[in-house]
Amino acid sequence: MTEKLPAYENVRVAFSGGWTRTAQKTLIAFANTLGGDLYFGLNEKGTPTGLCKKDARQISRALHTFCAEETEPVMLDLVSTKVMAVDVDSYLLRATVLPGEDRPYALKGERYTGGAYVRDGSATVTATEEEIRDMIRESAPDSWESRLSRRTDLTFEEAAYVFRKYNVDFAPTHHRQLGLADENGYFTRLGELLSDQNQTRLVIGTFSRDTVSLSLRTLSGSLLRQLDRAFDLFAESNPEIFHKTDGLANRHYFAWPPKALREALVNCAVHRDYAESEPTKVSVFPNRFEFLSYGSIPGRLSVKDIVLEGVSKCRNEHLADILRRLGWMENYGSGFPMIWREYANSGVEPKLEATRRVFRIVLPRIHNESRSSLKESCRVLFENRDVLSMADVMSLLNISRTSANSAVNALLREGMIEKFGSGRTTRYRSLLR
């Protein structure tokens with residue numbers, strides 16, 4: 001056998017020793033979630049136990065009969081099978097299930113009474129009432145993005161500005177192509193989201209080490225303009241830092257990988273349930289960025305599943321396509337894994353937390369200084385800047401005024417900087433350059 005077998009079960013892979021009720025439920029769960037492969041003849045550890053060719057063929061026939069006669073709706077068109085030789089007179093059967101478009105799929109006669117199943121990580125579980133409602137809504141002919149807006153007076157000046165900024169064509173003739181209007185020219189919910197009249201909000205708060213709020217920004221208008229402005233604010237909070245070395249070259253780094261910050265925010269945007277009125281929230285602390293989005297991860301994906309390469313179920317596909325056109329988003333299934341790759345060998349790791357209503361992404365600071373090293377961080381700032389105010393130090397290091405005063409006064413005592421001006425005009429000049 002030349003085909004490589006999976007090493008373990010996950011949201012799209014399951015093992016079964018034979019044709020059982022659990023195997024039947026797993027086929028249904030794949031159709032209700034992301035699709036997947038069910039391998040017959042592998043034990044729970046992924047070790048081949050093998051089937052004889054007759055058994056493999058019998059399971060294949062039973063499986064197709066089940067999907068044709070014992071599921072509701074019929075799943076026959078979603079399933080294909082393949083018999084694979086493991087060794088002499090030893091075989092496996094792989095059943096591949098495509099994600100269904102008419103969910104929920106269930107045992108016949110039990111569609112809304114406990115016969116629907118979903119994948120929860122590597123487990124098959126009974127779908128909850130809430131999950132069934134979500135499947136019905138998501139399987140509707142029109143997605144949320146495609147539903148008609150009640151507004152007929154939408155304008156797109158802010159969106160047009162963003163498209164021009166990133167050298168992407170945008171004109172009224174593109175509205176239907178991008179999904180902002182339907183074939184009759186009526187604006188959609190996606191059109192409303194990208195319009196100047198958009199009512200959703202993005203809130204970005206900056207906090208000190210003791211969680212005292214330093215600033216709070218509420219971004220409004222077109223979602224594209226909100227994201228673009230947020231990227232600029234991220235750059236201000238995450239400047240490139242240069243550190244002199246003993247050699248001729250300077251070492252430079254970012255406290256947070258810029259690509260990870262961007263990808264975290266755009267994933268919040270495309271996975272959010274915009275039927276919720278709560279704003280997307282970004283909290284900037286000295287040691288981490290926290291992204292909070294409403295709607296949770298779609299498709300019953302687990303936290304472990306979402307960071308697997310190629311695993312994706314996008315709630316707002318047309319929006320995702322637009323963000324990819326602008327160069328803001330990775331390809332399907334590569335966004336979250338890219339965030340983890342950006343943190344490889346850094347000594348810290350991002351966190352993804354999900355509940356039934358929200359999901360949160362936490363991006364830790366890579367160069368996370370302790371309080372005793374704040375003076376060193378401040379010194380590095382003055383190595384690269386001639387003049388700074390106390391507010392500049394607070395903003396660039398994401399620290400409170402008390403911490404900034406302590407670091408700046410330490411540099412003053414050691415003669416590394418000098419003070420001039422008074423009151424609001426007080427500034428500090430570097431003597432290190």
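Analyst: Buried means under 20% relative accessible area, exposed over 50%, and partly exposed in between, using a 1.4 Å probe and protein chains only. Helices (H or I, at least four residues) and strands (E, at least two) are DSSP runs numbered from the N terminus. This is a predicted model, where local features need pLDDT of at least 70, side-chain atom pairs count only at pLDDT 80 or more, and totals for chains, interfaces and linings use all residues. Residues are numbered from 1 along each chain as its sequence is written, and side-chain values use heavy atoms, with hydrogens and water left out.

User: Why is α1 described as largely enclosed by the rest of the structure?

Analyst: Because nine of its 12 residues are buried. Among them are Leu27, Ile28 and Phe30.

User: How is a nonpolar core read?

Analyst: It is a set of buried Ala, Val, Leu, Ile, Met, Phe, Trp, Tyr and Cys residues joined through side-chain atoms within 4.5 Å. In soluble globular proteins, nonpolar side chains tend to be buried together. Here the largest nonpolar core has 56 residues, of which Leu224, Phe291, Leu323 and Leu363 touch the most other members. Helix α8 (residues 258-271) gives the most to this core, with eight residues. Apart from it lies another core of 24 residues, including Phe40 and Leu63.

User: Which residues does Leu323 touch, not counting residues up to four places away in sequence?

Analyst: Contact means heavy atoms within 4.5 Å. With that exclusion, Leu323 touches Leu224, Leu227, Val266, Val270, Trp328 and Met329.

User: Is Ser389 buried or exposed?

Analyst: Ser389 is buried, with a relative accessible area of 10%. Its place is in the loop between β17 (387-388) and α13 (390-397).
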